[in-house]
Amino acid sequence: MIPETVRQELAGGFAGESQANRKYLFFAKKAEEEINFAPSAEVADLLKEVAELFRETAEEETAHAYAHLVAMEGVHDTLENLKVAFDGETYEYTTMYPASVQAAKAAGREDIARQFESTSSAEKRHAARYERMMQRLKEAYARAN
Ligand SMILES: [Fe+2]
Ligand SMILES: [Fe+2]
């Protein structure tokens with residue numbers, strides 16, 4: 001049993017490390033794109049080194065994220081993981097993104113509202129796929145018993 005205060009710290013750590021991982025991978029891609037416009041071979045070489053540094057660090061952030069998720073008992077058996085994933089996607093398309101769409105519209109940012117809307121429909125598909133897979137796995141386990 002993990003004390004709630006510690007669980008919250010782990011959840012914060014997991015969120016931060018996960019974001020750092022994705023961010024560094026995007027930064028690496030950007031550095032690689034900039035190589036094409038480098039004003040010198042020296043700059044190009046350094047940009048390549050920067051991209052490698054971002055990718056290497058991203059990998060380490062993934063290890064940190066994983067350790068935090070495991071410590072907060074966030075990795076379950078696969079049926080339970082599918083349920084957790086289904087619940088997360090469902091929350092996103094039924095609650096989170098609808099509020100985001102409203103906020104963007106209220107601020108006059110129709111472009112961002114549309115981005116939230118299209119992301120939301122993808123989450124709805126993700127939820128449906130997880131639900132279907134959960135069902136198939138449950139049935140397969142039932143047949144195996
Ligand atoms: Fe880290
Ligand atoms: Fe999703």
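Start by selecting Ser120, which sits in helix H4 (residues 110-144); helices here are DSSP runs of H or I with at least four residues, numbered from the N terminus. Before going on, note that this is a predicted model, where local features need pLDDT of at least 70, side-chain atom pairs count only at pLDDT 80 or more, and totals for chains, interfaces and linings use all residues. Residues are numbered from 1 along each chain as its sequence is written, while chains are lettered from A and ligands numbered from 1 in the order in which they are written.

Stay on Ser120. Then pick Gln135, 15 residues away along the chain; its C-alpha atom is 23 Å from that of Ser120.

Next, zoom out and colour domain 1 (4-71) and domain 2 (78-144), whose bounds come from an automatic or database domain assignment. Their C-alpha centres lie 26 Å apart.

Finally, select helix H2 (residues 41-71). Show Ala51, Phe54 and His68, the buried residues of H2, and you will find that these buried residues pack against helix H1 (4-35). Just after H2, stop at Glu73, which takes a positive phi of about 60 degrees.

Note on methods
Helix = DSSP H or I, 4+ residues; strand = E, 2+ residues; numbered from the N terminus. Expected span 1.5 Å × (residues − 1). Buried ≥ 20, exposed ≤ 12 C-beta atoms within 10 Å, placed from the backbone. Contact = placed C-beta atoms within 7 Å.
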